[in-house]
Structure formats: structure tokens, C-alpha cells
Amino acid sequence: MTVFPARRAVPSARALPPVAVPHPRVEAPSVLEPVRPTPLEWARRRRAERGARRLEAAGARALGQLDHLGPAWHVIEWPRTDVTDVLDRGQDDRAGFLAIGPSGLFAVTIADHGRARVLVAGDVVQINGKRPPYVAESRRDAKRASKALSDAVGLPVPVTPVLTFVGSGVISVYGLPKDCLMATHRELDRLLVAGGSRISPATAEKLSRVAQHPGTWLNGTYRPTADYRWYDEGRTAADKPAHRR
């Protein structure tokens, strides 16, 4: 809106001095109007969305390989990223899940390499000239899951890290890492059952219920004793019969 100064109704006969006309008032932009992202921000957002979709598809391919393991196995989605990691990194660029069955507990980490070639030499994984810390992240996830489950149950619960590659590129292995299993998504089911029977199906069911509870991952606030007992009434861990080999 343009505002002009007030003028007298009857001008005088004398020549009036020139009056400066003010510039039109510029309205301030409304705070409710959305701010358009810059081209660089838009490109970064699109790239992050594509990466998230690729990770989701890779996780689905790995999960599909475990469908025929049977009812004794349980696959649990769990918060693999701590609150501090979310604040530092902004988002979780990893994918994975917990697999619980007669062979034990496994923290599976998904690495989507697409058509790129993968070189593995112990703890070092190289993809497209980069060396992402996949092995270290797998160990850290397994350690965190073991601590959370152990605090909730009250007994030590070991969790084995598993690094799974999803893609069609060639994988060259010059040495496997220690304390971390590794396989492609096509071999994931055979890798998990290769450990044999270490826990009973009933124990696997109980651990899956503990892992499904959100309180397990919130500073160990979940206590399963209110829902069920690990042993029958009047029995303890010492009453469990020993199995001879």
C-alpha cells in the first residue's frame, strides 16, 4: 500500500514547494509462508530419501531370506541408533534387525553395495574406494543389544554381530574379521542355523518378547518378571539338568 502525505483542500496562490513522494511500503514476508529450500538443500534431501529407500529395500531382501526358517526363529526390529547418535548424525544411515532362534541371538547389520565391488580384509571393508566402518558398527550394535537384554533379563545374554551384504557386485575376501560373522543376504539363513541348537525354542520366545518391549531399550526400564517367570514355580537355574555331550 502506498501512503501519500495529506494536502490542504484549497491550495494557496503561491507556488508550492516540491513535495517528495515516499517510496511504496514493502510488506515484511509472513512467517507462515514456507521457506523454499536452496537447490543444494533440495539435492541433499532427495539423495537422503533415495538412500533411505535403498536401505529399506535391502533390509526387505535380507528378511525375505529368513521366511522359511520356521516358527522357532524370531526377527525383531530394534532402535539401533542411540539418542546421542541421532543428535550428532541427524539420521540413521544403517539398517538391521535382531534374529533370535535356537542358534542364539544375532544383531544383523545390512550393507547395501549395489553393483559396486567389495573388498574385505579382516576388519577393513572397501567399497568404491571408501572404507565405511561396517565391522566396527556391527560389533557396537551387538554389544549394545547384549547390554540392554542382559539388564532387562538379569542374566548375561550374548549377541553375535553379523554383517550382511546386499547387492550384485563381486565380493572379494582376503581375510574374515574376528568376532563378527559375514555373509551375503542369500547365505544369511544358512549362516544363522550353522550354529546348531544352543537355546531352547521356549527361551528364544521369551527373549523375543523382551526384545519387542520398548522399555528394554530405554535404560533397561523393562522387567519381564511381571509378565512371566524364566523357570517354573519353585525352580532356579541350579535345578536345570546338565546335558552330557
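Residues are numbered from 1 along each chain as its sequence is written, and side-chain values use heavy atoms, with hydrogens and water left out. In this predicted model, local features need pLDDT of at least 70 and side-chain atom pairs count only at pLDDT 80 or more, while totals for chains, interfaces and linings use all residues.

**View 1. Overview of the chain.** The chain contains five helices and eight strands; helices (H or I, at least four residues) and strands (E, at least two) are DSSP runs, numbered from the N terminus. Along the sequence, their order is α-β-α-β-β-β-β-α-β-β-β-α-α. Of the 245 residues in the chain, 34% are buried, where buried means under 20% relative accessible area, exposed over 50% and partly exposed in between (1.4 Å probe, protein chains only).

**View 2. Packing of helix H3 against helix H5.** Two packed helices are described by the angle between their axes and the distance between the axes. Helix H3 (residues 134-153) and helix H5 (residues 201-212) pack at about 105°, with their axes 10 Å apart. Axes are lines fitted to C-alpha atoms, for helices over the stretch in contact, and angles run from 0 to 180 degrees between N-to-C directions. H3 and H5 are therefore roughly perpendicular to each other (under 35 degrees counts as roughly parallel, over 145 as roughly antiparallel, 65 to 115 as roughly perpendicular and the rest as oblique). Leu149, Ala152 and Val153 in H3 are in contact (heavy atoms within 4.5 Å) with Leu207, Val210 and Ala211 in H5. The residues of this contact comprise six nonpolar, no polar and no charged; Ala, Val, Leu, Ile, Met, Phe, Trp, Tyr, Cys and Pro count as nonpolar, Asp, Glu, Lys and Arg as charged, and the others, Gly among them, as polar.

**View 3. The aromatic pair of Trp73 and Phe106.** The whole structure holds two aromatic pairs; rings of Phe, Tyr and Trp (its six-membered ring) pair if their centres lie within 6.5 Å, and planes under 30 degrees apart count as stacked, over 60 as edge-to-face and the rest as tilted. The ring centres of Trp73 and Phe106 are 6.2 Å apart and the planes meet at 25°, so this pair is stacked. Trp73 lies in the loop between helix H1 (39-64) and strand S1 (74-76), and Phe106 in strand S3 (residues 104-114), 33 residues apart. Trp73 is buried at 13% relative accessibility, and Phe106 is buried at 6%.

**View 4. The aromatic pair of Trp78 and Trp217.** This pair is tilted, at 5.0 Å centre to centre and 40° between the planes. Trp78 is in the loop between S1 and helix H2 (83-89) and Trp217 in the segment after H5, so the pair ties together parts 139 residues apart in sequence. Both Trp78 and Trp217 are buried.
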